[in-house]
Amino acid sequence: MTSLRRIARRIPGAVRWRAKAARRAIAWRFRSRRLRGRIPHLVVHASFPPGLVTAIGDALVARSRALADDGVVVVGGGQIRDAGRAGWSAVADTVDRRKFSRAIRQVSRRQRVKPPLRALVLSTGRALGSERPTAEETRLLRPRAVGVMEELVNAVPARRVTVVLDLPSSDDLLGMILAAAVERGRDPGDLATPLPGLTAELAGRIESIDRVDEVVVLEGGEATPANLVTCLGSQGLAIALKPSRGATPRWNLRSVGAARDVSPHLDRAERRLVQSHLRRTMAEPPSRPPQTLLADAIRPLIDLAGTDRIRTLHLHIGIQKTATTTIQGALHSGQTALRDQGVVYLDRRYMMRLSDLRAWRAYPHSGRTEFSAFARQLKGAVDEARRTAIAAGAPGDVVLISNETMVGAMEKGPFLERPFRPRAEAAIEDVLDILQPQDCRLILVVRRQDTLIESQYMWQIHGGQWFPFDRVAGLVFDHPEALSFTDLADRLERIPGVSALTVSPFEQIRFGVEGFLHQILQSVGATLDVSSLSFDAESNPSYSERALEIALAVNSHLDTREQRWAVRDFLRAAFPVEASGRASLLDDATRQRIIDLFAEDNRRLFETRMPHLPPDAYATTATTEVLAAPQRSNSPGTG
Amino acid sequence: MSPKIVVHVGAHKTGTSLIQKYMRDKPRQLTPFGVRPISRGQTNTLIGWGEVLIEHPALLSDRIAEESADPTARYVVASHENTLGRPHLASGDHLYPEAATRVAALAGILRDHDAMVIMYLRPQAAFLESYYLQLVQQGESFTFDQWLDRVDFDRVSWSPVVEMLRNAIGPDRVAIGDFEEIRSGQEPFLAGFFRRIDPAIDLTPRYTAKRNLSISEKGLQIALAANPHLRTADEKKQMRDFLQKHFSNAVYPRPILFSDQQRALLEDRYGAEYQDLVAPR
């Protein structure tokens, strides 16, 4: 009696022994006879990682009455944890056979199975070993699985043993290993490519266990309560997975990225707290899986043939002040020709008209509108363009978007943001999260820093600012990293999901728009005949010396955007460059100082990103002129 | 008799939330003195970022008239830290470059009333540090050093905006407070605010709720690392609440942002001017 009471306390929800204890003990013993001796069929449902099998186990337990009517006893979810406490040490993975078997049987009895008993299902996430995944598992999956499984099946005598293995795809496996590393506060670093046939090898090892008669492998999330029931031969029983309430959401690319960046500042206890918060906060879709962090060389390409995902997304990302308006005008004009070559072009104007654009992290104070609405709108615009292309007979799986805001909108004011275009990664990651292309390639146009800051400054004055140029020019010498193209290129190339970066110098446009456009389109695999296109080659006219002088005096008095635009248009018309000359900002000596400041950085840029061009192209104004001449080789460098 | 109209215009980061939330949470402590606050929620509509004063001055005027009509009202108090516009540190000649038109509009609204404007100040170094931490808590991810690029130390004087207020509203109708008074505790600070309105308001506030805890050094490190990954306003708010709960300066050490040299530079430059501005007149 005493021992029965003790056992009952171990069983969740078990009836407490009070006045009617004796009568109940008799009934209990009566039922227990049905499970004495060997179980006809033991089905061990095991998974890696444990999470899914727990959910399936819980779902089966929730329908245990219906299964019991069919002669099936299910032990899973929370019950297995209690059974584990009774005899199975998850740490040592050793089974006290007697205790464990008894605990399992006691749980089974409660389900009041009607004879004849056909099967006992043991649904446990720990049957392959309970240790966290490690990088070595890309070579050998669950190295201790045989020992653990052997102990388990020996603890429950059965005439026939089936093991159902729910295993991840290679891609998911990398995601798990990576997330586990992040949870331990480690940078995932480089992982080895998963060996082919890892799951089959594990199945073979399990099958080699004497007492195991058969192994069923369900790979990449195939396991559901329904197909497990089918494995048991219990047809027509609908079992749904319960939505998990309050459970920590799965890692995604964004939460893993944040956890990785935060980890160095935290101790172990703080890390758990912060990671849990990040996973909950960043659970909202759209998102990509954490394994996207890994380079494509490591990460196996998922075969997405037959799906409607974009195969290659080409992003021409500017930067600003590198003739982007001219390029976009040409691409817009030539979009039919591009479509005929299999490239769907989405014009910047479509994107910038989206009503919730300001949710995009390209903007300094993003998040003021709904990101989900922005995501819907952008996806909708791209899908619409693709549908139009498909209706016209084009494949529609290669998409080109030209938008310099992809590197982040420039913030107005007399300062240089550091690092160079600080929102570039976030802006592009948002676009990739939304569009989920199989592959993304970036096209970056660079410009020598002295003319770049002049042009950026004029843009600010056009926009209504009135600070003197010297304020910005002085900052260049204090913080040259604010204009480092090598740093920007390296950061762009590290964006998860980006497979290639093509860099071209803006100065080549002086050779002609056609050649410049050809350089840009080469990596897309398309060409355009500029002579057949209609677009404005000089889209953003500059200020003259006098126009600048007047703008600096007037702008501080302008309050609204309309006023600023009106003044800008007036100054351009009344004081054109042709009449009083282009505004000159840098004297020759300061210009050369700036050129010298970036000489080494630019040399590295040309050597690594544009090896077909002279490495000293940005060393002097004279060497830059060489870029405007036709090059012997037109093949752009790819990083 | 018409009540006295009081507009508390900031500055940002000088205990405005504390004053607003005290008036919201403890109206019974104010009722005996005839203090009728206009809620911070309402001033958002009536004042906004100051542009409402210019475009729709009648909104605030009508609301003041409505409160004034109550015979028990002796003081109508509107506290709104955005009255002078945004503190633009990157451009403009002083801390509140949008203030001129807003102050003029406010002066027009208050012209026919027994009115006063209260503005609290704090020393430049503390103001800049606090303002930066607020930006980070709102989701920004630049370091203090990077943010300082936007701040011209020559243009962070409080004098222009104080002068602007005194010229437009009238020197006797502008009271300047020193946020440093908070060092003696938040209840004495609150009492000081109401004594500035009228020494006859001999209030002994009972208010211990902690307002606007700031983040610690560790909280700042976490925010700077995590913020670039945050996407929505809700995510940013959740992160702010999380950091204030678990990594506030009540639990961990405060962040040290300015170097001693930078702090000394600001003190040399603005210390005397500051003391002059906050000295009783």
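I began at the N-terminal end of α25(A), in what is a predicted model, and found that A:D587 caps this end, with a side-chain oxygen 3.1 Å from the backbone nitrogen of A:A589.

Next I asked which residues of helix α25 of chain A are buried. In this helix, which runs over residues 588–597, I noted A:T590, A:R591, A:I594 and A:I595 as buried. Looking down the axis of α25(A), I saw that the buried residues fall within an arc of 140 degrees, so they line one face of the helix. On the face turned away from the buried side I found the exposed residues A:D588 and A:A589. I then looked up what covers the buried residues of α25(A), and the cover includes α18 (449–462), α19 (469–478), α26 (599–609) and α27 (621–625) of chain A.

I turned to A:N555, which lies in the loop between α22 (545–554) and α23 (561–574) of chain A. Is A:N555 buried or exposed? With a relative accessible area of 3%, A:N555 counts as buried because the cut-off is under 20%. A polar atom of its side chain lies 3.0 Å from the backbone oxygen of A:I461, and, leaving aside neighbours within four places in sequence, the residues in contact with A:N555 include A:G464, A:W466 and A:V567.

Last, I looked at chain A as a whole, where I counted 27 helices and 12 strands and noted that buried residues make up 53% of the 639 residues.

Conventions: Residues numbered from 1 in each chain as written. Chains lettered and ligands numbered in written order. Predicted model: local features only at pLDDT ≥ 70, side-chain atom pairs only at ≥ 80, totals over all residues. Heavy atoms only, no water. Helix = DSSP H or I, 4+ residues; strand = E, 2+ residues; numbered from the N terminus. Buried < 20%, exposed > 50% of the residue type's maximum accessible area, 1.4 Å probe, protein only. Polar contact = N/O pair within 3.5 Å; in protein donor to acceptor, adjacent residues only side chain to side chain. Contact = heavy atoms within 4.5 Å. Arc of directions from axis to C-beta.
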